[in-house]
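Please read the following briefing alongside the sequence and the three-dimensional structure.

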Amino acid sequence: MKVFLRTYGCQMNERDSENIAAQFEEQGCKITDSEKEADICVVNTCSVREQAEQKAIGKLGHLVGLKTRKTRSGEKISGLPVVGVTGCMAQNLGEKLAQIVPEIDFALGTRKTHLVAETALRIARERISNPVSVPRAPLKKFRKSSAIIDVSDDPSSHLQIYRHNEKILQPCAFVSIMQGCGMNCSYCIVPKVRGKQRSRPEPDIISEIERLTKRGTKEVTLLGQVVNAYGRDFGKPKAFSELLKRINDIDGLERIRFTSPHPSYFRDDLISLYGSLEKLCEYVHLPLQSGNDEILKRMKRPYTSSVFVDIAEKLRERVPDISISTDVIVGYPGETDSQFEDTVKMFQKCSFDMAYIFKYSPREGTLSADKDDDIPEKVKESRNQRLLDVLAVQSSEYNKKYEGQIAEILVEGRAKRGDDTFMGRTRTHRKAVFKSDESKIGKLIKLKINKSSVTTLEGEPLS
Ligand code: 5AD
Ligand code: SF4
């Protein structure tokens with residue numbers, strides 16, 4: 001059977017989708033890019049912002065439309081493709097999803113993603129042996145949804161997220177080291193939809209990375225909502241640093257990254273690994289959220305801007321050319337112009353060279369949901385643009401320093417621009433493009449950098 005998988009949202013979702021794809025592949029299915037030829041369509045969803053939910057609902061509406069595409073009313077058809085939803089929005093909306101898009105066949109929550117293939121295949125096989133009568137008009141008008149909805153917890157779900165595609169070379173792989181989030185940031189829906197933090201046992205993580213490196217993976221990015229709180233749920237506050245040391249010893253692995261850490265747990269035991277663990281890359285993505293202490297307090301982010309600056313400075317003392325990026329929210333309820341200016345100052349003070357900037361989006365079920373979303377869209381947009389402008393300057397300055405230098409690049413694959421252009425990244429996570437060939441994919445090369453822009457380095461391979 002052919003399976004179409006669409007993913008919205010963060011890297012954790014991308015990783016969950018890889019795990020889902022591998023479940024299907026283990027059952028002999030093929031993953032396809034074409035929804036039209038798929039027997040099963042799965043949408044892995046995000047809830048962090050309203051817009052992400054709207055997009056996924058739109059996509060589901062389109063996919064369920066494929067079931068009745070070429071039938072006349074009342075005609076017996078197989079009812080394929082089976083259309084299922086998983087991830088944060090499935091968890092968040094649960095039964096409500098079957099009211100919004102009644103034609104879906106299943107919705108499985110964030111701690112049931114390991115059951116996606118099994119559930120989808122069971123429904124698809126039933127459909128094939130018992131064709132159903134599908135009315136041409138929307139299902140809403142005729143009968144109630146018969147979708148299987150399961151958003152309950154499974155206490156072992158965090159032990160089930162280890163599968164990767166065994167057949168393809170993954171030079172850079174994501175490895176989820178935990179599920180859930182133990183924080184309670186006022187604006188964030190993640191703790192509600194992903195549940196409490198559950199860390200995976202260290203031996204499981206190590207053996208997953210060993211398996212990957214045996215198949216050619218050179219770089220791993222450890223994933224967690226608060227990745228540096230790893231192991232705190234087993235009562236081990238330094239477990240994350242210990243895990244990094246263990247991973248650093250894995251033969252064949254060249255680079256280690258992680259995302260996203262929380263400033264409150266970015267302590268000296270972690271900072272001291274920079275410049276001393278040779279595989280730990282000179283790049284940190286550390287979400288700031290706001291540069292103003294009053295807003296941070298209201299966001300329930302338990303640190304101040306000076307604690308954050310301290311971390312950045314300590315990191316730069318150890319590794320002067322480290323690249324630091326961040327997440328920030330503009331237009332949090334009540335954010336004044338001068339509070340926003342503190343965020344601008346922090347961008348300059350910490351010399352961020354990349355950032356994900358989000359316009360505040362109220363989410364039901366969060367602490368700030370009942371606060372007035374009082375910052376007009378236009379103001380959010382102009383604050384967003386202001387930060388992008390600061391970043392563009394800082395990022396191009398950072399990239400300019402590479403011109404004339406030789407950088408180590410891990411070749412990931414073909415670049416979007418086509419021809420014989422390939423792309424890879426420096427240890428500092430800067431994207432580089434260059435002429436090369438297929439045989440270099442998954443290899444570390446030396447690249448002489450000739451040109452730079454805000455986002456990209458260009459060069460010629462020396463090896
Ligand atoms: N509105 C806007 N941005 C949000 N984020 C989380 N919740 C919201 C929200 N309600 C952002 C945070 C987080 C990133 C993944 O998404 O910056 O770090
Ligand atoms: Fe959301 Fe805060 Fe948890 Fe990050 S740390 S996932 S922003 S609640």
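Y283 stands opposite S323 in β15, in a predicted model in which local features need pLDDT of at least 70, side-chain atom pairs count only at pLDDT 80 or more, and totals for chains, interfaces and linings use all residues. Residues are numbered from 1 along each chain as its sequence is written, chains are lettered from A and ligands numbered from 1 in the order in which they are written, and side-chain values use heavy atoms, leaving out hydrogens and water.

**Sheet**
- Strands β14 and β15 (residues 323-330) run parallel and are joined by three bridges; strands are DSSP runs (E, at least two residues), helices likewise (H or I, at least four), numbered from the N terminus.
- The open sheet has three strands in the order β14-β15-β16, with parallel pairing; two strands pair if DSSP finds at least two bridges between them.
- At the edges lie β14 (283-285) and β16 (354-359), each pairing on one side only.
- Helix α13 (residues 377-400) packs on the sheet and touches β15 and β16, contact meaning heavy atoms within 4.5 Å.

**Residue R430**
- R430 is found in the loop between β18 (421-425) and β19 (431-435).
- Not counting residues up to four places away in sequence, R430 touches several residues, including S323, D353 and Y402.

**Ligand 2**
- Among the residues around ligand 2 are C181, Y187, Q225 and R301.

Methods
A residue is near a molecule or strand if one of its heavy atoms lies within 4 Å of it. Axes are lines fitted to C-alpha atoms, for helices over the stretch in contact, and angles run from 0 to 180 degrees between N-to-C directions.
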